[in-house]
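Please open the model in your viewer and keep the selection tool at hand. The tour goes from one stop to the next, with a short account of what is found at each.

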Amino acid sequence: MKKNVLACIAMTAALAVIQPLSVSAYENYEKKTSVQLFVKANGMFNNWDGVTNVAQFVGDNGEFCFAYDKGDNVIVVRTNGESALKKTITLKKQAPIFGTVICDKDGNYYVVTGKENKTKNTNIDTIFISKYDSSGKHIKTVGDNGSSSLAYYYDSGFYTQLPFDAGNCDAAISGNILAVNYGRSMYSGHQSNSVFAVNIKDMSEADLGVNYNSHSFAQRVISHNGSFVFASEGDCYNRAFTIGTPAASNKENASDIFHFWVKKGTLDKYNMGILNNNFAHMGGLASVNNKYIAFVGTSAKSLNSNAADENEQLFIQIFDPSANLGKASSYVTSGTRSGLSGGNGDENVTDYGIKWLTNYKKIKIRHPQVVATDSGKIVVLYETYARDYYGVYYIVLDSKGEVIQKSQLFSKTARLNPCEMPVYVNGRVYWAGNNKSDGNKNVHIFSIEID
């Protein structure tokens, strides 16, 4: 299926009053840095993720770090948390398109980059993982042509021609394995996700089994309980938020946990403009006490034709990723949602464990995000809009999904880092973003003291 760009959905012109907010019990912090950059997600459109030009991660000494794309280089910024910037490190990009950056416990950096192959030679590598030491010296680069997470019956038309297209690029390290989950365009003209993994000790390719959704408009991967958990936002195969874990080669271990409605017969009519719209946006994954997974997103509540006119609301599902996610007993949270889904809108489905966190009538939610703390608290962040920008809000829940802190304003001028999850370090939740107060010209470090 070729991608068709949807017409932008006009936002409502009516202003609305934000739902009552409680007084914050948590300390907020902000620091303006000298890095002049507009933080944005390249390629983001409607319900499609983009690749953010600023990656954020935990350093080897347990400090908050961020890295930004700058021409032929990636600049890593190490911080002292709330104090001044500690140092910067320059990493030479090995391919032109920026994906993301991550750091291991030994202080080595890994930069994911890509390039477009304008030929039809499907053997050419188009996505790369590059390893650098703590001083920024390049050690080794490994490439892949997009065949790494496909089942044996997929031909070379399903390999990656353009990485990071109509989706994101996310990375995580578990043990000695680094996994990258990313969106891409294939030689067939279709769009999907793909997973590329390496052993960071010798930079050899690692097999994490089959991981494929088409189309896939957002991708996530996190380390959990010695392995990985993946998430994808699909519009057809499958039309759902899908959760996956590594499986044996040529096998797939994935479950659709949250489905989307579409008008009956849409796929048969090959109406991509309608199919692309799933009335939802990916949030993210968080590992809770290394036992459960918290998944956050926004969606229309209905699984019928009402979805087309509903305002997207924030929700959370907490579940055991090793259990059968087609059963309500696998979820810590409760709440069901039933209706029709599938590419033709004729499949009867039921979703479990859904806890709705908002009920805004006219206000729009953007960039839902989630992170878990060492004590098992779950912090959900999001931005709100109507005619104008209302600011960043957050909600704090316990490990069972019970609300500890109701929706609270963090700042009327701060902005989140789009398509990136916040980072938890030493009792605080951090992110790097802009602030309207200086015209969104500089990167600011924001944090909330939680533990």
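Begin by selecting Thr384, which stands opposite Gly391 in β29. The strand β28 (residues 378-385) is joined to β29 (residues 389-397) by eight bridges, and the two run antiparallel; strands here are DSSP runs of E with at least two residues, numbered from the N terminus, and two of them pair if DSSP finds at least two bridges between them. This is a predicted model, in which local features need pLDDT of at least 70 and side-chain atom pairs count only at pLDDT 80 or more, while totals for chains, interfaces and linings use all residues. Residues are numbered from 1 along each chain as its sequence is written, and side-chain values use heavy atoms, leaving out hydrogens and water.

Now widen the selection to the open sheet of four strands, whose order is β27-β28-β29-β30 with antiparallel pairing. At its edges lie β27 (364-372) and β30 (403-411), each of which pairs on one side only.

Next, select Leu208, in the loop between β16 (204-206) and β17 (214-224). Is Leu208 buried or exposed? Leu208 is buried, because its relative accessible area is 13%, and buried means under 20%, exposed over 50% and partly exposed in between, with a 1.4 Å probe and protein chains only. Not counting residues up to four places away in sequence, Leu208 touches Ile177, Ala179, Val195, Ala197, Phe228, Phe230, Pro246 and Ala247, where contact means heavy atoms within 4.5 Å. For a last stop, select Gly234, 26 residues from Leu208 along the chain, and note that their C-alpha atoms are separated by 20 Å.
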